[in-house]
Amino acid sequence: MTSATRTAPHRLARAAQTAIAAATVADVFRAVALRDHYLHPTDASLRRSGLVSTVFVYLMTLTTVLFLVWLARSRRNALELSPEAAVPSPGWTIGAWFIPVVNLVAPRRCVLDIGRAGSPSWEKRDTTLVNLWWAAWIGHALLLTAANLAAPGSPALLVVTEALFLAAAVLVGLVIERVTARQAAALRVTVPVAAPQP
């Protein structure tokens, strides 16, 4: 049972998806600027890559905040829809993203638990979508770290890490859409709690 006022976080979902798109575009410009600076280093190319990188960092910060607010709201809805489900705590839903090593596996589990608890129609393909997103995101993060340590400025590694980032951005946008749509459908068919008779 749920209250009649609970709704799926459509506005938060759209805000997070828009921020993801903006950060992705900024990342493409950042990658191009970095490549240009590595190939033809000048003061102008250094300033340009620094400026674009700063814009990207600001947009990624905004994206992270909006995504986590959306996730927290989705968690609350999931718990209301399935009070007995194994849903992560509010602190763990957010904190798991910031603990080194733990953040390689725990956030995926949080999103899956929230998705499953928030909809009785969660399917294997929904789980596959989350897994694909997470694989692209972790692959990007690990390859970027390795590239910065072993071969900074490598055009080939820059292209691969950028491709993984773009794939992760598209897939997380789809994850947000799927979880939100599943919750909206579940909330529509849930019977509101009847008010007690006087």
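Predicted model: local features only at pLDDT ≥ 70, side-chain atom pairs only at ≥ 80, totals over all residues.
Residues are numbered from 1 along each chain as its sequence is written, and side-chain values use heavy atoms, with hydrogens and water left out.

Now step back to the whole chain. It has six helices and zero strands, so the definition matters: helices (H or I, at least four residues) and strands (E, at least two) are DSSP runs, numbered from the N terminus. Along the sequence, the pattern reads α-α-α-α-α-α. The C-alpha atoms fill a box of roughly 80 × 25 × 25 Å, taken along the principal axes. Of the 198 residues in the chain, 40% are buried.

How do the parts of the chain meet? A contact means heavy atoms within 4.5 Å. Among contacts between residues at least 6 apart in sequence, 75% join residues at least 24 apart. The accessible surface comes to about 10800 Å², and 70% of that surface belongs to carbon and sulfur atoms; such areas come from the Shrake-Rupley method with a 1.4 Å probe, and for residues only the protein chains shown count as cover.

Next, the aromatic residues. Rings of Phe, Tyr and Trp (its six-membered ring) pair if their centres lie within 6.5 Å; planes under 30 degrees apart count as stacked, over 60 as edge-to-face and the rest as tilted. A search of the whole structure finds eight aromatic pairs. One of them is formed by Phe67 and Trp133, a tilted pair with 6.2 Å centre to centre and 55° between the planes. Because Phe67 lies in helix H2 and Trp133 in helix H5, this pair ties together parts that are 66 residues apart in sequence. Phe67 is buried, with a relative accessible area of 9%.

Trp97 and Trp133 form a tilted pair, with 6.3 Å centre to centre and 40° between the planes. This pair also links distant parts of the chain: Trp97 sits in the loop between helix H3 (90–95) and helix H4 (106–117), while Trp133 is in helix H5, 36 residues apart. Both Trp97 and Trp133 are buried. Phe67, Trp70, Trp97, Trp133 and Trp134 form one aromatic cluster.

Val101 lies in the loop between H3 and H4. Is Val101 buried or exposed? At 64% relative accessibility, Val101 counts as exposed. Its phi is near 75°, a positive value in a residue other than glycine.

Return now to helix H5 (residues 124–150), where you will find Asp126. Asp126 is buried, with a relative accessible area of 0%. Which residues does Asp126 touch, leaving aside its neighbours within four places in sequence? They are Ser121, Arg178 and Arg182. With Arg182, the side chain of Asp126 makes a polar contact of 2.9 Å to the Arg182 side chain. A polar contact is a pair of N or O atoms within 3.5 Å; within protein, one must be able to donate a hydrogen and the other to accept it, and residues adjacent in sequence count only if both atoms are side-chain atoms.

His37 counts as buried, at 17% relative accessibility. The side chains of His37 and Ser45 are joined by a polar contact of 2.7 Å. Beyond its neighbours within four places in sequence, His37 is in contact with Thr42, Ser45, Leu46 and Ser49. The C-alpha atoms of His37 and Trp70, 33 residues apart along the chain, are separated by 36 Å.

Finally, visit the segment before H1, where Thr7 lies. Thr7 is partly exposed, with a relative accessible area of 42%. Not counting residues up to four places away in sequence, Thr7 touches Arg73, Asn77 and Leu187.

Conventions
Buried < 20%, exposed > 50% of the residue type's maximum accessible area, 1.4 Å probe, protein only.
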